[in-house]
Amino acid sequence: MIHQWPAPAKLNLFLYITGRRPDGYHLLQTLFQFLDYGDTLTIEPAADGAIRLLTPLPGVRDEDNLIVRAARLLQRHRWGGGKNNFAPPGAGIRLEKRLPMGGGLGGGSSDAATVLVALNHMWQCGLEHEELARLGLSLGADVPVFVRGHAAFAEGIGEILTPADPPEKWYLVTLPGVSISTPVIFADPALKRDTPVRSLTDLLSRPFHNDCEPIARKHFYEVEQHLSWLLEYAPSRLTGTGACVFAEFDTEAAARQVLEHAPAWMRGFVARGVNVSPLHSALAGAH
């Protein structure tokens with residue numbers, strides 16, 4: 001039996017840096033929403049207990065790949081890594097990659113979350129999503145929001161999640177073609193780190209901003225170029241620490257019309273913002 005599972009993109013509809021902890025981690029407030037667009041994972045069961053990534057990423061060892069790490073983490077958690085004199089179930093995993101690395105769309109975290117949720121179902125582990133989210137946190141700060149599968153307001157260092165229901169707009173997401181390492185943004189002394197802490201109700205009533213955007217525009221000409229062009233047509237922002245940017249529209253037709261007029265150097269896609277993850281919609285259909 002082979003199953004296809006979506007690993008959707010996310011947008012940070014806003015991102016504010018509200019402080020910094022003594023250990024150097026930044027405190028933030030951000031609003032996550034999923035897109036009906038992303039990577040696709042095809043997973044087939046394996047009786048020998050092996051975890052095989054059938055589409056390795058160039059330059060990334062399997063042991064370092066979040067997909068493999070997520071599968072082995074669940075395997076160890078549920079069966080103790082095969083120390084019980086029998087082989088736990090395994091899997092062969094094929095990745096169809098659409099989301100760019102270092103793009104701020106959550107691709108790696110979403111892939112890891114999809115592996116946890118899908119294999120929990122396929123292997124009949126019986127773990128609740130909260131337990132899977134706790135497991136996923138060890139793989140990356142954004143993994144739990146993908147595991148839980150609902151748009152969320154995140155606080156603290158991103159680990160305090162409150163379900164949210166922002167409007168489900170249409171977005172033109174553009175890909176500047178550069179990979180931005182989060183530490184590059186957070187290490188910049190010019191980053192604004194003192195945005196006041198506010199309630200979600202208050203934040204939803206204001207225009208949305210991203211405190212990381214000026215830093216990304218300063219360091220990466222391509223981000224500046226994309227945002228400058230998009231802002232002529234619609235409210236546009238950086239997602240996460242970048243590099244992808246997005247413009248917001250009320251209709252699919254309006255978003256596609258702007259994409260059709262995009263210059264030759266701009267690549268992008270149009271997608272709907274959704275508050276229930278396509279992964280969880282697929283899971284409901286699999287039961």
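Which residues point one way from β7, and which the other way? I found that Trp-170, Leu-172 and Thr-174 point one way, that Tyr-171 and Val-173 point the other way, and that all are buried.

**Conventions.** I note that this is a predicted model, in which local features need pLDDT of at least 70 and side-chain atom pairs count only at pLDDT 80 or more, while totals for chains, interfaces and linings use all residues. Residues are numbered from 1 along each chain as its sequence is written, and side-chain values use heavy atoms, with hydrogens and water left out. Buried stands for under 20% relative accessible area, exposed for over 50%, and partly exposed for the range in between (1.4 Å probe, protein chains only). Helices (H or I, at least four residues) and strands (E, at least two) are DSSP runs, numbered from the N terminus.

**Entry 1: strand β7.** For pairing I required at least two DSSP bridges between two strands. β7 (170-174) runs antiparallel to β9 and is joined to β9 by five bridges. Within this pairing, Tyr-171 has Glu-248 in β9 as its bridge partner. Five bridges also join β7 to β10 (residues 268-274), again antiparallel. There I read Phe-269 in β10 as the bridge partner of Val-173.

**Entry 2: strand β4.** I then examined β4 (residues 90-96). Five of its seven residues are buried, so the strand is largely enclosed by the rest of the structure. In which sense does β2 pair with β4, parallel or antiparallel? The pairing of β2 (residues 26-46) with β4 is antiparallel, over seven bridges. Ile-43 stands opposite Ile-93 of β4. By contrast, β3 (residues 51-53) pairs with β4 in the parallel sense over three bridges. Arg-52 has Gly-92 in β4 as its bridge partner.

**Entry 3: helix α8.** I listed the buried residues of α8 (residues 221-230) as Val-223, His-226, Leu-227, Trp-229 and Leu-230. They cover an arc of only 165 degrees around the axis, which puts them on the same side of α8. The arc is taken over the directions from the helix axis to the C-beta atoms. I count a contact when heavy atoms are within 4.5 Å. The buried residues of α8 pack against β7, α7 (213-219), β8 (236-238), β9 (245-249) and α9 (252-260).

**Entry 4: helix α2 and its neighbours.** Axes are lines fitted to C-alpha atoms, for helices over the stretch in contact, and angles run from 0 to 180 degrees between N-to-C directions. Angles under 35 degrees count as roughly parallel, over 145 as roughly antiparallel, 65 to 115 as roughly perpendicular, and the rest as oblique.

Among the residues in contact are Leu-66, Ile-67 and Leu-74 of α1, and Val-115, Leu-116 and Leu-119 of α2.

How do the axes of α2 and α3 cross, and within what distance do they come? They come within 10 Å and cross at roughly 135 degrees. The two helices are therefore oblique to each other. At this contact, Leu-116, Val-117 and Asn-120 of α2 meet His-129, Leu-132 and Gly-136 of α3.

**Entry 5: loops.** Gln-124 is exposed, with a relative accessible area of 68%.

I next turned to Pro-166, in the loop between β6 (160-163) and β7. Is Pro-166 buried or exposed? At 5% relative accessibility, Pro-166 counts as buried. Leaving aside neighbours within four places in sequence, Pro-166 is in contact with Leu-13, Leu-31, Gln-33, Ala-151 and Asn-275. Pro-166 and Leu-13 are 153 residues apart in sequence and 9.1 Å apart in space, C-alpha to C-alpha.

Finally, I recorded a cis peptide bond between Gly-242 and Ala-243, with omega at about 20 degrees. Ala-243 is found in the loop between β8 and β9.
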